Amino acid sequence: MIRGAIRFLDERTGSAPLLRKALRYAFPDHWSFLFGEIALYSFIVLVGTGVFLTLFFEPSLARTTYDGVYDPLRGLEVSVAYDSALRLSFDVNGGLLMRQTHHWAALVFVASIAVHLMRIFFTGAFRKPRDLNYYIGLTMLVLALLEGFAGYSLLDDLLSGMGLVIAYAATLSIPVIGGDVGFLIWGDQFPGSDDFISRLFIAHVLILPVIIGGLIAVHLALIAVPHHSQFRGGGATEKNVVGTPMWPGYALRSLGLMFATAGILFLLGGLIQVNPIWQWGPYEIYDGTNGAQPDWYMGWLIGALRIMPPIEPSVFGYTPFPNPFFGGLLVPSLVFGFLYAWPSIERRISGDGAVHHLLDRPRDNPWRTAIGAALFTFITLIFLAGAADRIFVSFGIDYGTQVWIFRVAVFVLPAAVYLLTKRICEELRESDWHPLRAPPPATVTRTARGGFELTREARPRRRS
Amino acid sequence: MLVLLALAVAAAVMFIVAYALEWSTQVLGLAIGGALMAIAAALILAGKRVAPGKQVTEERPKFPDRRAERELQRDIERGGRGVSRRGVLLGGAAAAGTALGAAFVIPVASLGPKPADRIGASPWRRGTRVVSEEDAQLTPADVEVGTFVTGFPEGADKRELGSPVVLVRLRPEDLELPSDRSDWDADGVLAFSKICTHAGCTINLYRYPLYPPQSPGPALVCPCHYSTFDPATGGERIFGPAGRALPQLPLDLDGAGRLIAAGEFSGAIGPSWWGVRKGT
């Protein structure tokens, strides 16, 4: 059977030599290489469950009366979109499992991309020749954020509306052209024309996923062209790749990871409730709720909006920077702008424009690791600031006080983390200490004068 | 491994049964998730058994190839050899491309109207009656001290951003309205846009002092980013990121003692934009 299939393919495509080579493709072994794969497999689950959902969801703001099985909302006048989201949750067999798995997969998708990005950053995997692929990966992260936001904004529940109006305000806050851009997207003043939800729908189910899917293909191709990067040790050099071959080792293992990712997502979707739109209720512009929190990957933007001082300058009667501009547009633009610029910044400052296939350990480049840790601290802080009201409810720390703490901390803590990380990395580099490996043997000698002297035998570094 | 595969079969069959019998989401999730996890375990185990720690060393593909680069450049340049006025032609091609690109992009304008008169607009006019969500006419008696009521312009679309107002009643001695708004209340009832001037969320929290001598004064609060406005002073921002006061709607009473608007909002409703302080 195998022979027949190979024949069939090779006679038509001549691909046998290529496939044979692909089977020997070496995958360097390291746990941190798996986050990208988890993102890929989450995407597959997203597409699968998403296709199921589109068969039932109706992107329409027309009014209808809910008369499904969920008692507390029966008889309420709601939009067709919200009504169909409730129906596919409660009346369609297996619908809630699909919807919740879809939502969980989105949360894991963005999370695994974010962790993957950190791996790439801290190991210097973005250096030539992989800088091009790093930009593509960053672009996919931006698109994934938009895609996720568009997804949970479609359902026209209270949380959707509260998120969308903030997106509308952020769009309006673009200097000079914000009003025009906002009207182009929404078709009118918020909540916009009835076309808006169809636009959002087509962006969520076609435009963004197709772009992301296309970029995934390019991303994988650009990984395969120079082959994987690898850590030092075990005979790894700049000129070779040492690892598990695609067949039989890696293919089985990676397929296993795919099934495990899907399995965990379906378990989450079946067992742990996420985004209970029936509890939020439908959105009306005159309704709101306290304690609403967005999906996790939007939290940092809420925090940035919240701790921004009430600055809204007026210049000759115009308002160049409406307040949401700072937290909603400037902060994410600076963060992503910095990440996009980083490979060139590092190349310029370090003067190292060479090709690198061997990865750094985070300690090998204390300066870069410290910068990354500082940026991560900043984002974590504004993320926490986005939960300041929940912190108040849980721990009783006054909200106004928290805002001031965060305003100071977002500048002070990253600087402190920068210095601390740099120092730790330098120490680690000196001592070659590793949390999971036995420390290098050390000898304590009593000196003639009564003191002690510690001599560490330098562990033979696993360099090639 | 066989045990795991058998487990996968069992769980998958269980999913089919659970689906057919319309069992709960939890059972469905456990069954399908269990089947996937069993297959995952079988695959990972197989990977470990079949190829335990087998490592290969591959040569990395060699690039760049400088010679090929030079030849490619030469071939491209050779194609344009003998063509006169190359610069002008290239300029013309660039112009044609740009113009065509612009022509393709311009239909995007059909997506939305010019914001000109619509942005920040509201249906409230002098004399518009204030009604409840159920279209009942509101009177000052409907608004008690210490709580808020949502009002709408009679006959207008309640889902328009400029429609909903939040009505609160303050004791006369607490009012500190600016002098040009001293008559904007009706029997102590004040009206403000219910849409926050920061990011457009709904003002649906009303903080009212439980013990006035010690508690902070009454305030309208937005739950999204906690912009806080003081109704006593005509909607001035007292906390949070909002850059503008909450627009106030002047109120009056008609002959029958019902609430009506005495004019239009004191400023543009909704989030700020470039021309928010100019009106358009």
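**View 1. Strands β2 and β3 of chain B pair up in an antiparallel fashion.** In this predicted model, the pairing of β2(B) with β3(B), residues 148–153, runs over two bridges. Look for V130(B): its bridge partner in β3(B) is P153(B). As a reminder, strands of a sheet pair through backbone hydrogen bonds, either parallel or antiparallel.

**View 2. A strand of chain A pairs with a strand of chain B.** Here β4(A) lines up antiparallel to β1(B), residues 56–59, and four bridges link the two.

**View 3. Chain A meets chain B through 78 residues of its own and 68 residues of chain B.** On the chain A side, the elements giving two or more residues are α5 (95–122), α7, α8 (178–186), β4 (240–245), α10 (246–271), α12 (299–307) and α16 (399–431). The largest share comes from α10(A), with 15 residues. Sort the chain A side by class and you get 42 nonpolar, 26 polar and ten charged residues.

**View 4. Helices α6 and α7 of chain A cross at roughly 130°.** The axes of α6(A), residues 131–153, and α7(A), residues 158–172, come within 8 Å and cross at roughly 130°, so α6(A) counts as oblique to α7(A). From α6(A), the contact uses F149(A), Y152(A) and S153(A); from α7(A), it uses L159(A), S160(A), G163(A) and L164(A). That gives four nonpolar residues, three polar ones and no charged ones.

**View 5. Helices α12 and α13 of chain A pack at about 140°.** The axes of α12(A) and α13(A), the latter spanning residues 324–350, lie 7 Å apart. With an angle of about 140°, α12(A) is oblique to α13(A), and the crossing is right-handed. On the α12(A) side you'll find L301(A), A304(A) and L305(A), which meet P324(A), G327(A), G328(A), V331(A) and P332(A) of α13(A). By class, this contact has six nonpolar residues, two polar ones and no charged ones.

Methods: Residues numbered from 1 in each chain as written. Chains lettered and ligands numbered in written order. Predicted model: local features only at pLDDT ≥ 70, side-chain atom pairs only at ≥ 80, totals over all residues. Axes fitted to C-alpha atoms, helices over the stretch in contact; angles between N-to-C directions. Parallel < 35°, antiparallel > 145°, perpendicular 65-115°, else oblique. Contact = placed C-beta atoms within 7 Å. Nonpolar A, V, L, I, M, F, W, Y, C, P; charged D, E, K, R; others polar. Pairing = 2+ DSSP bridges. Left-handed = near helix turned anticlockwise from the far one by under 90°.
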